[in-house]
Amino acid sequence: MKRALITGITGQDGSYLADYLLKNDYEVHGVVRRTSSLERSRLAHLFKNPDIYNKRLFLHYADLEDITALRRIFLSVQADELYHLAGQSHVGLSFPMAEMTCDLTAIGTLRLLEIMRDMPGKPRLFHPSSSELFGQPKSSPQNEDTPYLPTSPYGCAKAFATQIVKVYRDCYGLFACNGIMYNHESPRRGENFVSRKICRAAAAIKLGLQAKLVLGNLDAERDWGYAPDYVRGMWLSLQQQKADDYLFATGETHSVRELVELAFKAVDLEWESHVEVDTALFRPSEPLRLVGDASKAKRELGWTPSCSFQELINLITRAEFDELQQLGSEGDNSRRNRT
Ligand code: G4F
């Protein structure tokens with residue numbers, strides 16, 4: 001049985017990856033931070049399964065800054081594969097929290113590589129890089145060779161982390177891969193990312209639980225895909241003979257406005273009378289023309305996205321509607337914390 005270690009296992013990607021690996025007969029270990037709340041609802045279905053929790057799924061406590069604890073976990077787990085998904089992943093919040101974002105995302109990755117260098121049986125490493133690397137690129141679509149021009153502290157931190165992974169691969173022979181991930185969404189997305197915020201609001205407004213939706217830049221455009229597809233790409237990256245970098249994207253770009261239109265249409269509402277724009281939610285700078293060319297991942301890994309943009313937004317909005325309706329029928333309209 002192969003053994004995998006996931007930092008950030010409680011997040012959207014970490015929880016889908018745990019599902020995927022467990023289905024593929026892995027023993028899965030996750031690193032979690034201590035928080036005052038024990039609720040880790042994205043993993044709840046796994047905790048409830050007596051054949052899985054503490055049998056094939058194990059959690060270990062450590063912060064990314066706590067090198068001694070991390071090193072101890074790495075040595076005791078002796079994983080075959082390490083997926084480093086933890087970090088501060090909100091681009092907007094990286095502006096007010098620039099130092100923390102760079103420390104966790106950039107230096108946190110370097111610290112992990114340093115631990116790996118010293119390990120006797122070195123695991124294969126997957127690092128999730130981001131389209132934020134490209135910021136305002138001179139060409140579209142982007143591929144693995146497009147120069148980095150990040151426009152946010154988060155993008156700068158990812159540029160450092162991506163390059164240091166390549167340096168450690170080339171200099172120390174580590175099996176370390178970057179996946180340049182474009183936006184990927186699902187019902188497990190954090191509620192302060194725009195897809196989930198919009199789909200949840202459309203469902204809540206339809207059910208009479210929310211009056212309006214306040215958004216930032218409706219003209220911003222992204223290449224949005226379905227998170228479980230991207231998690232499959234992470235795994236495929238580590239199954240190759242040679243470590244390399246791959247870009248994962250749908251190749252289509254859509255605006256926030258189109259996302260709003262689809263989400264409200266999914267619940268049979270006209271969006272214009274429910275949505276307000278607040279310029280306070282605009283970011284100091286916004287990437288432009290972010291759309292990915294995933295032909296290398298398709299050619300070498302056999303990876304393709306499974307879900308269209310419309311299917312994705314319908315799927316998230318329907319899941320929100322069902323969940324809010326169920327909470328309502330249980331007499332509890334409070335928002336559930338999924339992390
Ligand atoms: O959903 P978002 O916050 O995602 P963003 O900034 O593109 O970052 C996500 O994708 C990256 C690429 O894969 C990851 F690296 C990163 O970790 C994260 O997963 O915002 C999408 C767009 C932005 O242009 C933002 O300005 O939506 C625009 N937007 C408009 N109104 C809003 C809002 N974003 C948020 N979060 N909230 C709004 O009210």
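**Close-up views of a predicted model**

**View 1. R222 and the residues around it.** Leaving aside residues up to four places away in sequence, R222 touches E132, N183, E252, T253, H254, R283, E286, P287 and L290. Keep in mind as you look that this is a predicted model. R222 sits in strand β9, which covers residues 221–222. Is R222 buried or exposed? Its relative accessible area is 7%, so R222 counts as buried.

**View 2. A patch of negative charge on the surface.** Here you can find E221, E258, E261, E270 and E272, which gather in a negatively charged surface patch. One of these residues, E261, belongs to helix α8, made of residues 256–266. With a relative accessible area of 36%, E261 is partly exposed.

**View 3. The buried side of the story in helix α8.** Which residues of α8 are buried? They are V256, L259, V260, L262, A263 and F264. These buried residues pack against several elements: α6 (194–206), β8 (213–215), β12 (254–255), β13 (275–277) and α10 (309–329). Following α8 comes D268, and the phi of D268 is positive, near 65°.

View 4. L93, M97 and M100 together make a nonpolar surface patch of about 220 Å². Where is M97 placed? Look for M97 in the loop that runs between β4 (81–84) and α4 (98–118). M97 has a relative accessible area of 33%, so this residue is partly exposed.

Key:
Residues are numbered from 1 along each chain as its sequence is written. This is a predicted model: local features need pLDDT of at least 70, side-chain atom pairs count only at pLDDT 80 or more; totals for chains, interfaces and linings use all residues. Side-chain values use heavy atoms; hydrogens and water are left out. Patches are made of residues with over 30% relative accessible area and no salt bridge: like charges are joined within 9 Å, nonpolar side chains (Val, Leu, Ile, Met, Phe, Trp, Tyr) within 5 Å. Accessible areas come from the Shrake-Rupley method with a 1.4 Å probe; for residues, only the protein chains shown count as cover. A salt bridge is a side-chain nitrogen of Lys or Arg within 4 Å of a carboxyl oxygen of Asp or Glu. Lys and Arg count as positive and Asp and Glu as negative; His and the chain ends are not counted. The place of a charge is taken as NZ of Lys, CZ of Arg, CG of Asp or CD of Glu. Helices (H or I, at least four residues) and strands (E, at least two) are DSSP runs, numbered from the N terminus. Buried means under 20% relative accessible area, exposed over 50%, partly exposed in between (1.4 Å probe, protein chains only). Contact means heavy atoms within 4.5 Å.
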